[in-house]
Amino acid sequence: MTSQAADRPGQAGSSRRSKITPEREQEFFDAVLDQLRECGYDSLTMEGIAASTRCSKSTLYRQWKTKPQFVAAALRSHRRTRCVDTGSLADDLRAAARAMGDLSGRDTQLLQALAHAATQDPELQRALREAVVEPELAALKEIIRRGVERGEVPADHPALEYIPAQLLGVLRLRPLLEGESADPDYLVRFVEAAVLPALGLT
């Protein structure tokens with residue numbers, strides 16, 4: 001399965017989504033993520049998902065028009081945006097780091113494989129940004145906004161704009177640099193040693 005329209009079955013009836021239950025939809029998403037972990041993005045096929053979930057390929061195509069859309073939907077179902085609000089910017093950042101670390105252990109290999117594939121597939125790159133990156137950025141920006149409103153840090157503090165890059169960067173790069181996932185304890189230590197001091201917080 002590729003992201004090209006030519007790989008889809010005939011268009012007749014494909015503009016209408018079939019009605020499937022949330023439970024059945026989650027079965028499809030779980031199958032996508034399982035195959036991604038086992039075989040990688042390039043080997044993921046609509047045929048394989050259809051076979052493992054005992055449904056027709058046309059049913060999947062009616063729901064998700066392309067491979068990147070299907071993968072993004074599966075990731076979105078798997079990753080829930082954190083609603084962190086402890087009343088303190090420092091504690092919010094610690095809690096966000098801990099939540100990121102919880103996901104990192106499960107998803108590091110999966111996201112690394114997808115990140116590599118995304119460099120060769122612009123549609124997948126857009127889908128991953130919408131499903132994974134943008135929700136993370138929005139959650140961190142909301143944490144920062146509340147901290148500024150509470151007067152914990154000035155709005156023009158030069159370090160604020162780098163917080164998302166710091167946290168998301170170390171989350172993605174530690175496996176590459178050290179061969180270990182950025183687990184909750186590691187990310188909290190990183191926040192306390194690098195992020196909070198840069199903001200003048202303890």
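These legends describe close-up views of a predicted model.

Local features need pLDDT of at least 70 and side-chain atom pairs count only at pLDDT 80 or more, while totals for chains, interfaces and linings use all residues. Residues are numbered from 1 along each chain as its sequence is written, and side-chain values use heavy atoms, with hydrogens and water left out.

**View 1. Helix 2 and its buried residues.**
Helix 2 covers residues 46-53. Helices here are DSSP runs (H or I, at least four residues), numbered from the N terminus. Met46, Gly48, Ile49, Ala50 and Thr53 of helix 2 are buried. Buried means under 20% relative accessible area, exposed means over 50%, and partly exposed lies in between (1.4 Å probe, protein chains only). The buried residues of helix 2 pack against helix 1, helix 3 (57-63) and helix 4. Contact is counted between heavy atoms within 4.5 Å.

Leu44 sits in the loop between helix 1 (22-39) and helix 2 (46-53). Leu44 counts as buried because its relative accessibility is 1%. Val32 is twelve residues from Leu44 in sequence. In space, the two C-alpha atoms are 7.6 Å apart.

**View 2. Arg54 after helix 2.**
Arg54 follows helix 2 and lies in the loop between helix 2 and helix 3. Its phi is positive, near 55°, in a residue other than glycine. Most residues other than glycine have a negative phi. Arg54 counts as exposed, at 78% relative accessibility.

Asp34 and Arg37 meet through their side chains in a salt bridge, 3.9 Å from N to O. A salt bridge requires a side-chain nitrogen of Lys or Arg within 4 Å of a carboxyl oxygen of Asp or Glu. Side chains of opposite charge can pair when their charged atoms come close. Both Asp34 and Arg37 belong to helix 1, three residues apart, about one turn of the helix. Asp34 is partly exposed at 41% relative accessibility. Arg37 is also partly exposed, with a relative accessible area of 32%. The whole structure holds 16 salt bridges.

The side chains of Glu47 and Lys57 form a salt bridge at 3.0 Å, N to O. This pair links distant parts of the chain, with Glu47 in helix 2 and Lys57 in helix 3, ten residues apart. Glu47 is partly exposed at 42% relative accessibility. Lys57 is partly exposed too, with a relative accessible area of 32%.

Asp85 forms a salt bridge with Arg150, and the closest N and O atoms are 3.9 Å apart. The pair links distant parts of the chain, 65 residues apart. Asp85 is in the loop between helix 4 and helix 5, and Arg150 is in the loop between helix 6 (122-149) and helix 7. Asp85 is exposed, with a relative accessible area of 51%. Arg150 is partly exposed, at 34%. Salt bridges that share partners join Asp85, Asp92, Glu142, Arg145, Arg146, Glu149, Arg150 and Glu152 into one network.

Ser88 occupies the loop between helix 4 (67-78) and helix 5 (89-118). At 18% relative accessibility, Ser88 is buried. Its side chain reaches the backbone nitrogen of Ala90 at 3.4 Å. Leaving aside neighbours within four places in sequence, Ser88 is in contact with Arg150 and Glu152.

**View 3. Cys39 and Cys55.**
Cys39 is partly exposed, with a relative accessible area of 46%. Cys55 is buried, at 19%. The count of disulfides comes to zero, a disulfide being a pair of cysteine sulfur atoms within 2.5 Å.

Note on methods:
Helices (H or I, at least four residues) and strands (E, at least two) are DSSP runs, numbered from the N terminus. A polar contact is a pair of N or O atoms within 3.5 Å; within protein, one must be able to donate a hydrogen and the other to accept it, and residues adjacent in sequence count only if both atoms are side-chain atoms.
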